[in-house]
Amino acid sequence: MTTATTTTRRLTIAKAMSEALAQEMARDPSVLVMGEDIGKLGGVFGATQGLLDRFGPERVRDTPISETAFMGAAVGLAASGMRPVAELMFVDFFGVCMDAIYNLAAKQNYFSGGKVSCPMVIMTSVGGGYGDGGQHSQCLYATFAHLPGLKVVIPSNARDAKGLMLSAIRDDNPVVFMFHKALQGMGWLGTVQRSITDVPEADYTTPIGVAAVVREGTDVTLVGLGLTVHLALDAAAALAKTGVSAEVVDLRTVSPLDRATIRASAAKTGRLVVIDDDYMSFGVSAEVIATVCEHGGARLRSPPMRIAYPDIPVPFTPVMEHFVLPNAEKVVAAVQAMLEAAP
Amino acid sequence: MSTLESTAPSRATNRNQRLWMYATMVQSRHFEALVKVAYLEGKQPLFNMAKGPIPGEMHLSDGQEPCAVGVCAHLRPGDAVTATHRPHHIAIAKGVDLKAMAAEIFGKKAGLSGGRGGHMHLFDPAVNFACSGIVAQGLGPAVGSALAAKLRDASDIAVAFLGEGAANQGAFHEALNLAAVWQAPVVFVIEDNAYGISVAKRDCTAVESNAIRAAGYGMPGVHVPGNDADRILAAAGEAVARARAGGGPTLIEIETTRLEGHFMGDAEGYRPAGEVEALKARDPIPAYRARLLAEGFEAEALDRAAGAAIAEVDAAFVFARRADYPAPEEVFEHVFAGEGASQ
């Protein structure tokens, strides 16, 4: 990671993504951005603000609502020397165009024996908690991470968002860049304030495949991604008041997973809780736990725990949705139960 | 087959039908007015989509009422309708239970789906109505419903409503071809409100009128200008009669207007200055009332019908606001058919 020492400003994730895109478009003429409402509107979630004015409609393309076509086109652009960044507003919408992603983008390099790579970025919003119903609230991290050939990243804060975006565009592989609506910094969605961070103006990258220990602790490891990093940090702060020292790991990249950092933290604390707002079964939380447990890995003092969204569609009504979403209180309760059972 | 410009006279003869159309348009507009009031509760002065008695996105149908009533005037409860993320006017015209629909939008237990669906996922099997949140999602299901009716030897038909943006989705083209190959009794109704969120139709659609695309699928295509309930009634009447008589599918594109933003809270910076004011000056409901009066309808009769329609909406909102929320634990019910709790 190159660390910039120049000016920093506090930015939202949306602004940080927009800045990264603008800087890379200025640096690399092969980068172009396309998607629905990404031009004039600057992206429904603000990830492409100012790009149309600065780079014009040749490189900043509002597409028809034709995901099958423009995701396929992105694969073709990537195979032809360009570096397309395609936004699909909500991760829930990917059913429309999944073939181009999991059968073309993800496999192009392999099928061609490394001769035709697929350097493209797919940006999409994830997450619920604001009553938008079950076709606008999913996360689906594991759905994408399950597919070989795709890289999947999700920032928890603006500094990482910019660095991960620059890494994603420069990566020679398809990278799914997920951003959580609760962290995006769009006023109309509310925003976890901790996601708004100092961001260097200069060019820097946050490496793909490297997790971060964002709070050090000794009693339990809390692993999160995107929004759930903040739930873990809130829980860690609450636990500290009761004398429990929690370490928090921000995955930052779901695939490839930074297994070494997870294992090292679990080995250090001996306890593991994974917090994931995606569907629980067959998900990121299971993969993290398997990472620690398999191959005679770290000996945990307690069985590991998952706090994840249960295996049900996301309901509209807030009384149901908030009942099942992960939150800091659930994390605290899980840790306390773990410590009581095996001090 | 050729593309037809609908030239049906604006002098429909069925007095009761036209009175119903007027009253139903008024009812729909009043429904949206009460949704607006409730939606903004808890969202002022700071607009946060997660707050208030109705969270999430809210897509209002103001201006598009003529499409709903002109088509649904010909439909029976057994006819299937699939609608879009902007569904209220169509649901109301199809006869969806107003109390249960309002309660669903408030996330209450007495709602159509007990609060699980929300405003984009309204299901009322009593009148064969469903809607969903992703563009062009309802077309395939409408073809299926139509085929089911044909296989049952019923004279029921299906109608898929879609926006003009959906005509650029692969699902649109596939569904039209399939419907024509199967000679399914289905009518595809495009509500062309000129915008897919921020992107104008002219900037993302290769043809001026989607009606001409019907030629590619061997079915009649009808273009209905003017957002005029009577002309829509006439065009839909021919299409519905053709479908019921075994004559196969029809594509209708209606020029309509979106008087509100894509969703509530949309700043609409992408609209030319003065556009919304100009559209509101051509509001189809007062225009329709003026026509009916000019043709000899008595103001008292119109007021009586409209008043009754408004009173039903008022009662539905009183019911919805007073209704209880579901128990949070009910979130686990209905994931699979024939089961209660699934965890």
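A residue is termed buried here when its relative accessible area is under 20%, exposed when that value is over 50%, and partly exposed in between. In the predicted model described below, Asp156(B), with a relative accessible area of 17%, is therefore buried, whereas Arg152(B), at 52% relative accessibility, counts as exposed. These two residues are joined through their side chains in a salt bridge, with an N to O distance of 3.6 Å, so that this pair brings together a buried aspartate and an exposed arginine.

Further salt bridges were examined in chain B. Asp266(B) and Arg258(B) form such a pair, their closest N and O atoms being 4.0 Å apart; Asp266(B) is buried at 15% relative accessibility, and Arg258(B) is likewise buried, its relative accessible area being 0%. Elsewhere in the chain, salt bridges with shared partners connect Arg18(B), Asp228(B), Asp230(B), Arg291(B) and Glu295(B) into one network. A salt bridge is also found between the side chains of Glu333(B) and Arg116(B), at 3.7 Å from N to O. This pair links distant parts of the chain, as its members are 217 residues apart, with Glu333(B) in the segment after helix H10 (299-322) of chain B and Arg116(B) in the loop between helix H4 (98-105) and strand E3 (123-124) of chain B. Glu333(B) has a relative accessibility of 28% and is accordingly classed as partly exposed. Over all chains, the count of salt bridges comes to 34.

Contact between them involves 29 residues of domain 1 of chain A and 25 residues of domain 2 of chain A. The size of an interface is often given as the accessible area lost when the parts come together. For the two domains of chain A, the buried area is about 2,100 Å², with carbon and sulfur atoms giving 58% of that value. Of the area that domain 1 of chain A buries against domain 2 of chain A, 25% is supplied by Tyr141(A), Ile154(A) and Arg194(A), more than by any other three residues.

Arg194(A) also takes part in a salt bridge with Asp234(A), in which the side chains meet at 2.5 Å from N to O. Between the two domains of chain A, the count is 2 salt bridges, and 18 residue pairs are in polar contact, with both residues at pLDDT 80 or more. Helix H6 (141-145), strand E6 (151-153) and helix H7 (158-170) of chain A each contribute at least two residues to the side of domain 1 of chain A that touches domain 2 of chain A. By class, this side of domain 1 of chain A comprises 15 nonpolar, 11 polar and 3 charged residues.

Between the chains, 45 residues of chain B are in contact with 39 residues of chain A. The area buried between chain B and chain A is about 3,200 Å², of which 67% lies on carbon and sulfur atoms. Ile134(B), Gln169(B) and Val331(B) supply 16% of the area that chain B buries against chain A, a contribution exceeding that of any other three residues. On the side of chain B that touches chain A, 21 residues are nonpolar, 18 are polar and 6 are charged.

Key. Residues are numbered from 1 along each chain as its sequence is written. Chains are lettered from A and ligands numbered from 1 in the order in which they are written. This is a predicted model: local features need pLDDT of at least 70, side-chain atom pairs count only at pLDDT 80 or more; totals for chains, interfaces and linings use all residues. Side-chain values use heavy atoms; hydrogens and water are left out. Contact means heavy atoms within 4.5 Å. Buried area is the accessible area (1.4 Å probe) that two parts lose on being put together, summed over both. A polar contact is a pair of N or O atoms within 3.5 Å; within protein, one must be able to donate a hydrogen and the other to accept it, and residues adjacent in sequence count only if both atoms are side-chain atoms. Helices (H or I, at least four residues) and strands (E, at least two) are DSSP runs, numbered from the N terminus. Ala, Val, Leu, Ile, Met, Phe, Trp, Tyr, Cys and Pro count as nonpolar, Asp, Glu, Lys and Arg as charged, and the others, Gly among them, as polar. Buried means under 20% relative accessible area, exposed over 50%, partly exposed in between (1.4 Å probe, protein chains only).
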